[in-house]
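The following exercises concern the surroundings of two ligands. Please study the sequence and the structure before reading the solutions.

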Amino acid sequence: MKLTPGVPLEIGLLLNEGEPSSPIGRLAMAGGLAQLEWSAEVIKIRRRIDPLLYPPEAGLQAARGRDFDGLHGFLADSLPDAWGRRLMKRRLEKLGVRLDALRPVDRLALVGNGGRGALVYKPATTPVEDTVAIDLDVLAEQSRILLLGEDTDLIDALAKLGGASGGARPKVCVGIAADGTVGEGATVEGHDEWIVKFRATLDPADIGPVEEAYARMARAAGIDMAPSRLLPAREGFGYFATRRFDRPSPGRRLHMVSLAGALEALPDVPSIDYDGLLRATRAITRHAGDVEQAFRRMVFNILAHNRDDHTRQHSYLLGADGEWRLAPAYDLTFSNGPGGEHYLAIEGEGRTPTRAQVVTLGRRHGLSDRTIADIIDAVRDALADWKVIATELGVTASRAEIDDRLAHTAAAFG
Ligand SMILES: Nc1ncnc2c1ncn2[C@@H]1O[C@H](COP(=O)(O)OP(=O)(O)O)[C@@H](O)[C@H]1O
Ligand SMILES: [Mg+2]
């Protein structure tokens, strides 16, 4: 599990699984901080693998701080969040290794080729797993058991399917064919890669239908989202599934960095606000349409009462043309946020943001009053369909609370 001390970790960019990855740099630890050296190729063509903080220049660049385990933010993005970390910890325990005892570079080596986006790490120490049978109901149930702190025989299967995933909820990455058949990965002809999400312990039973309803409303409001669907469960509510935008077609990958990684702004502390999201979007993409899109997502999050809007809930993708763009939106669902507030405040307000604050922020970012009003109207119109969509998708348990919150939020917004 541990790399030989002194041997640097090779970082590669794997855009096409049929070809070798291109070397982009090397990483070693010194004094608790990771030291990055870009490859000659990256420096020569001035490729912006990191959008803001670590320019493609010669020499060692130390991580700017210890917030991300002493790693550079864009590399820390490759590590799993709460769910994947839990899986990693459990599996290492079975092998007699403590996760805490591993250095950040050792953890990246464990991710190997299996991470999000297109960054890969060599030597990879990812355990090789057998093919696993995919039964979503069984995987959902075993995830629930694992979240309760109990053991499951399916730990290796869950790790294979979701060990490198982000987010707190249990999830698996699977291949789905056009007719809805689910298989392992996109290796099977005709399968695209999707993420299927299961409930976290505190989620309502109908979180799947709620997230699908939100995805439909977000699209109607002009928000760019990957295709999604509600997969049936044998009993009860279905599972929300979203097509992976970092796997645009079988065997292809796109490099991705979260807002958290790009700015080195931790998700769970109040580090930046929506003004920061819009400024970062302008700095990273230099694209007015992306700034407007980020603004639209803010308006949606406010009026749809999605307060789980922290810095890992927004990402950027590096296109084949070498340009950074705002990634599609994801994880849009009804959520109360910490202490009932948005993670990202709106002009200092996290609890009851108003139209006046949204207008001030939009104007500061160059949006005309007309555009701002149109975006607010589009979001309102889309949300007006909540009851119809919720009924169609079978939302029940959460229905009364969301009806009530949406009405309150709209009234407070003004
Ligand atoms: N459609 C998608 N394509 C690619 N990556 C995605 C997609 N949806 C989510 N992700 C990635 O997976 C992570 C976890 O997904 P998310 O929906 O946020 O789960 P959770 O509800 O556990 O927070 C996100 O932070 C993002 O990096
Ligand atoms: Mg999330």
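Ala, Val, Leu, Ile, Met, Phe, Trp, Tyr, Cys and Pro count as nonpolar, Asp, Glu, Lys and Arg as charged, and the others, Gly among them, as polar. This is a predicted model, in which local features need pLDDT of at least 70, side-chain atom pairs count only at pLDDT 80 or more, and totals for chains, interfaces and linings use all residues. Residues are numbered from 1 along each chain as its sequence is written, chains are lettered from A and ligands numbered from 1 in the order in which they are written, and side-chain values use heavy atoms, with hydrogens and water left out.

**Exercise 1.** Describe the shell around ligand 1 by class.

Step 1. The shell holds nine charged, six nonpolar and four polar residues.

Step 2. Among the 19 residues around ligand 1, those that come nearest are Arg 169, Lys 171, Lys 197, Thr 242 and Asp 331; a residue is near if one of its heavy atoms lies within 4 Å.

**Exercise 2.** Which atoms lie 2.8 Å apart at Lys 197 and ligand 1?

Step 1. They are an N or O atom in the side chain of Lys 197 and an oxygen atom of ligand 1, a polar contact (a pair of N or O atoms within 3.5 Å).

Step 2. A backbone N or O atom of Ala 168 lies 3.0 Å from an oxygen atom of ligand 1.

**Exercise 3.** Which protein donors does the magnesium ion (ligand 2) have?

Step 1. Donors are N, O and S atoms within 2.8 Å of the metal (3.2 Å for Na, K and Ca); water is not among the atoms, so sites may look incomplete.

Step 2. Gln 313 (OE1) and Asp 331 (OD) are the protein donors, 2.1 to 2.4 Å from the ion.

Step 3. Both Gln 313 and Asp 331 are buried, that is, under 20% relative accessible area (1.4 Å probe, protein chains only).

Technical notes:
Polar contact = N/O pair within 3.5 Å; in protein donor to acceptor, adjacent residues only side chain to side chain. Buried < 20%, exposed > 50% of the residue type's maximum accessible area, 1.4 Å probe, protein only.
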